[in-house]
Amino acid sequence: MNDILSKTPTHVPGLDHILGGGLPTRRISLVAGGSGCGKSVLAAQFLAGGARAGEPGVLVTFEQDLDDLRRDLSGFDFAFGQHVETGSIEVLHVDPGAFPDATTGSFTLDGLLLQLESAIEKVSAKRVAVDTLESVISELGESGSLRRELRRLFRWLEARGVTTLVTAEAGRGEAFTRRGLEEYVADCVILLDFRIQNELGTRRARVLKYRGGPHSGDEHPFLIGSNGIELIPLTASRLEHEATRERISTGIPSLDEMLAGTGVHRGSSTLVSGSPGAGKSSLGAAFVHGACRRGERALYLSFEESPEQILRNMGAVGYDLRPWVDEGRLDIESWRPSQRGLEGHLFGIQRAVEEHDPRVMVVDPFTSIAVSEESGPSRSMLVRLVDFLKARGVTTMFTALEAADVSGHSASNSHVSSLMDTWVVLEAERREGARQRYGWILKSRGIEHSRYVRQLAVTDEGVTFVATNSNTVAAD
Amino acid sequence: MDQNPEAPARDWHFLLYVAGMTPNAEATHRRLEALVARHVGPEAVVAIVDLSQEPARARRDGIVAIPTVIRTRPAPTHTVIGDLTDTARALQGLGIPEAPPRA
């Protein structure tokens, strides 16, 4: 049946993309999540988006009446209240006061169906959102009658020809929802999640199930901003990138020489890890400087220093970036790591890339916003960021801070390094009262690279990797 | 048990909400009549609201489940849902003191 494949766009930015177009038309979709994760906002957005596109809708709410909703949703741009006034959204508030003092045997939900029918008819609704069905279950008590009637309600909505979004409390462990509602809803299940990580709240969405259509089970970071929920549309298209043969200079001739003489692949990602003062930012500066000299646009994103500090410090080590900035070829942006959560930063990076359209980018240091963990969500987000940059052909250098007392390739960056095409390790140590810096290439995919440790000379004429007499081979 | 067990039977009013006079609706009606006559008194008032005849009342009166029985008088309002096969819960839910067993 065509119905199964037909999709109804949610008009939630980014969500339709991961749903392959939208929710299954004339079917029931479930959005599960904990309190405060954005379920109700999503439900309102789904209806407002429909109303805007000429598809009226009904919001069935158990917890909030129309005044509560107007107040809660007034801060969003999607004009929910206005659609209610113009009659393209009908709010059906089922008062918990109407719920019974006792259940005395079997019953049906015909009362609710009659209320729904009149609300749907009133606005000629094509969409229905129910927020949240748990309220009904907890008020009426779980029973054979209720299970049968919930099934009947869902089948009734489908037969009525409306596309329905039902919100539910997220469950623990195996169950997606607290009351096991996913048993009734076989077509589409979306999970919203809100976590506190490194004192920053991060929100993620995941499509757990989509019958009759492909979907990725990836977690997608999202924001709740003035538009409501907005997914960060970093696509998982790892295999689609054209493997480029083009090589570009790192901006440091001696480093290019260590990379088979020609630098890194266009569109690749390079990790530069090292302790504070090891020279990471200088490599970043050389990278964008080299790009600008080739006539390419570049973006330097700093989480540590202001643009003015960067210009001053990098001028002192031979990379005079100011002319490029004045010319508009180089953009330097400084963001405070605590300014927003990880997903906010990734969203910001994507926006910045779209706005500045650089061919070369430096993120310094990436570790300010990413969490060190083996396989956590920050890794999956980094995967999508790297994919996004690759797809756009942006050659990127990520710097990463290593703890000073740890040798260069400690485990703390290993979760990130597997995503990187090239990994340059920098080390600094005090010897005879002077700071000595070293650097070597730990890996570089598809490039026959030098395996020797070199001294890193940082002078007012730039950075040079100087071959040492000892020719120490870098340990893997 | 309840605040108003002393009101005379004729001051007790019950509304039974059904959606069409189905056999189930009729059975629930019979059970309600019997329960009220036995535990409140024959003068108590039982009225039926058939939502299939007055669908707008579902929303106006906030009816979710069928059948629903609302004790409208004496105050406060009591509501039960279901077919009243569980008499003890029905009495409790409607705030009706159980009559002493007949001799």
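**Contact between the chains**

Chain B contributes 27 residues and chain A 21 residues to the contact, a contact being two residues whose C-beta atoms, placed from the backbone, lie within 7 Å. On the side of chain B that touches chain A, two or more residues come from each of α2 (56-60), β4 (78-81) and α3 (87-94) of chain B. Helices (H or I, at least four residues) and strands (E, at least two) are DSSP runs, numbered from the N terminus. This side of chain B comprises 15 nonpolar, eight polar and four charged residues.

This is a predicted model, in which local features need pLDDT of at least 70, side-chain atom pairs count only at pLDDT 80 or more, and totals for chains, interfaces and linings use all residues. Residues are numbered from 1 along each chain as its sequence is written, with chains lettered from A and ligands numbered from 1 in the order in which they are written.

**Strand pairing**

Strand β6 (residues 102-103) of chain A pairs with β4(B) in the parallel sense over two bridges; pairing requires at least two DSSP bridges between the strands. Ala102(A) has Val80(B) as its bridge partner in β4(B).

**Fold of chain B**

Chain B holds three helices and four strands, in the order β-α-β-α-β-β-α from the N terminus. Among contacts in chain B with a separation of 6 or more, 67% join residues 24 or more positions apart.

**Contacts of Leu59(A)**

Beyond its neighbours within four places in sequence, Leu59(A) is in contact with residues including Ala43(A), Leu47(A), Ile89(A) and Asp131(A).

Key. Nonpolar A, V, L, I, M, F, W, Y, C, P; charged D, E, K, R; others polar.
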